[in-house]
Amino acid sequence: MRLHGTRPPDWIEDLAFEYELRFREEPSDAVCAQLARRWAETCDGSGPCWAGRMLFSREYAYLTAQPRWPGSHQRDLFAHVERFLRAVHREVAPLDEVVLLQAMVDLAHLGPGPRHPASQRPVDPTYPAPAPRSACDAVTRAMAETARRERFARWTAEPPPGALGLRALAGPVDGSPGPRVPTPLRTLFPEGAAPAAVWAGATSRPVRIPRSPAMVRREVELTLQGEVRSVPLPDDLATRGHAAPHPDGTRMAIEAKQGHRGAVVMVDLRDGAVRTLWATAPGELRFGTLGLGWLTGDHLLVATGTRTLVLHAPADGPVTEVCSLPGERTVRSCREGRLVYDVNRGFLGWTGERLVEVTRWRVDYLSLHAETATDLVMRHGKPERLRPEDLYFTVTRLDEVLADLAG
């Protein structure tokens, strides 16, 4: 087996690396199935790449390796794939040649083959265009379905005492995602208010989050006492539109920033008075915006990108920091402020004095879909939009966990 460019001195930076394999003879369906299984198993776990697609044209195969960490660890990926290909040559079917198509090497001696945009081979028009093989795709689908069932079994396993669980649903409880925002809170923001934002989170604790990209403004448009007003922010601060109105409608917390520091601004919704409640330390604002959400009473949840903290922020009087958890989190307050969904990690419970972990599962792409009087409905799917293949779960043991949190 001849290897060309599999340990390249340099390469074309790309989102994926493609290998051109030339078998000694056209692989059978059984060989294609075995190749697909081994490739998926080789890329499973914490290795440097994911298993991408495979295409075939007679004795040629094209294998794609998608970096697990784009922009770094490329040489680990090259070594990983080379070990796999040597095993294929020994144990599956003999290979004549392997070429890394993104390698910056001159390979003018290659024989003719199918047309491929990245290949240096002369084109032989008698070869069909590289295409999927059904034997290969069937194995990939079966393995994906098995992995999906195993994940669901882990996610929906019986939780330990005092922890929340998940139960799979046949479909969404409510087809429309997001909170049902009470009219008094919804009308605080006039139609077309700037900066542009949408409602998110839970019905009991809705928040406004900026559209992406959102314009930075030094004022926020609100409806106060039936009149639309542009409320200027204090201390030369600016906002992208992330806001959390208190459920009682008396005040609103707004994220703001100046340079590399973030701040929380409070607007009194009765008279429009504005004050700066709290500010981050230098460098603590990791992603240019703060996450906000109201817990019980006067407690405000703030996520900075490096930690999540709780402030006691009464309508009048001093603001105090109650507790703090390290780490990057995207948080949504729900269940009347007694639970916090830490996106992709699980739920935190609020005791009134501290935040405690109340789930043992961790599920990527799991979002808070809807909050009803009896249920919290979670959606598993990409966050950009709803899709027919999305999966839905309800959170179990809510009453038990909330009672434990209340002491």
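Two strands count as paired when DSSP finds at least two bridges between them. Keep that in mind as you work through these exercises on a predicted model.

**Exercise 1. A strand with two partners**

Task: Find out how strand S17 pairs with S16, and over how many bridges.

Solution: 
- Step 1. S17 covers residues 307-312, and its pairing with S16 is antiparallel, with 5 bridges.

**Exercise 2. An open sheet and its helices**

Task: In what order do the 5 strands of the open sheet lie, and which are the edge strands?

Solution: 
- Step 1. Reading across the sheet gives S1-S5-S2-S4-S3, with mixed pairing.
- Step 2. S1 (2-4) and S3 (49-57) are the edge strands, since each pairs on one side only.
- Step 3. On average, neighbouring strands here are turned by 15° against each other, ignoring direction.
- Step 4. Look at S1 beside S5 (residues 95-100): the two are parallel, with 3 bridges. His4 has Val99 of S5 as its bridge partner.
- Step 5. H1 (residues 29-43) lies across S2 (17-23), S3 and S4 (60-67), at about 165° to S3. H2 (residues 74-91) packs on the sheet and touches S1, S2, S3, S4 and S5, with its direction at about 20° to that of S2.

**Exercise 3. Leu95 and its surroundings**

Task: Is Leu95 buried or exposed, and which residues does Leu95 touch?

Solution: 
- Step 1. Locate Leu95 in strand S5.
- Step 2. Its relative accessible area is 0%, so Leu95 is buried.
- Step 3. Leaving out residues up to four places away in sequence, Leu95 touches Met1, Leu21, Arg22, Phe23, Arg24, Leu85, Val88 and His89.
- Step 4. For a distance, take Cys49: its C-alpha atom is 22 Å from that of Leu95, and the two residues are 46 apart along the chain.

**Exercise 4. Where H1 meets H3**

Task: Describe how H1 and H3 cross, and name the residues that make the contact.

Solution: 
- Step 1. The axes of H1 and H3 (residues 134-155) come within 7 Å and cross at roughly 35°. The crossing is right-handed.
- Step 2. H1 contributes Asp29, Cys32, Ala33, Ala36, Arg37, Ala40 and Glu41, and H3 contributes Ala135, Cys136, Val139, Thr140 and Met143.
- Step 3. Sorted by class, this contact has 8 nonpolar, 1 polar and 3 charged residues.

**Exercise 5. Aromatic pairs**

Task: How many aromatic pairs are there, and why is the pair of Trp155 and Phe393 edge-to-face?

Solution: 
- Step 1. The count is 10 aromatic pairs.
- Step 2. The ring centres of Trp155 and Phe393 are 6.1 Å apart and the planes stand at 75°, so this pair is edge-to-face. The cut-off for that class is over 60 degrees.
- Step 3. The pair links distant parts of the chain, 238 residues apart: Trp155 is in helix H3 and Phe393 in strand S25 (residues 391-396). Both Trp155 and Phe393 are buried.
- Step 4. Compare Phe189 and Trp199, with centres 5.6 Å apart and planes at 85°, so this pair is edge-to-face.
- Step 5. Ring pairs also connect Trp11, Phe17 and Phe78 into a cluster.

How values were computed
Residues numbered from 1 in each chain as written. Predicted model: local features only at pLDDT ≥ 70, side-chain atom pairs only at ≥ 80, totals over all residues. Heavy atoms only, no water. Helix = DSSP H or I, 4+ residues; strand = E, 2+ residues; numbered from the N terminus. Axes fitted to C-alpha atoms, helices over the stretch in contact; angles between N-to-C directions. Contact = heavy atoms within 4.5 Å. Left-handed = near helix turned anticlockwise from the far one by under 90°. Nonpolar A, V, L, I, M, F, W, Y, C, P; charged D, E, K, R; others polar. Phe/Tyr/Trp six-rings, centres within 6.5 Å; stacked < 30°, edge-to-face > 60°. Buried < 20%, exposed > 50% of the residue type's maximum accessible area, 1.4 Å probe, protein only.
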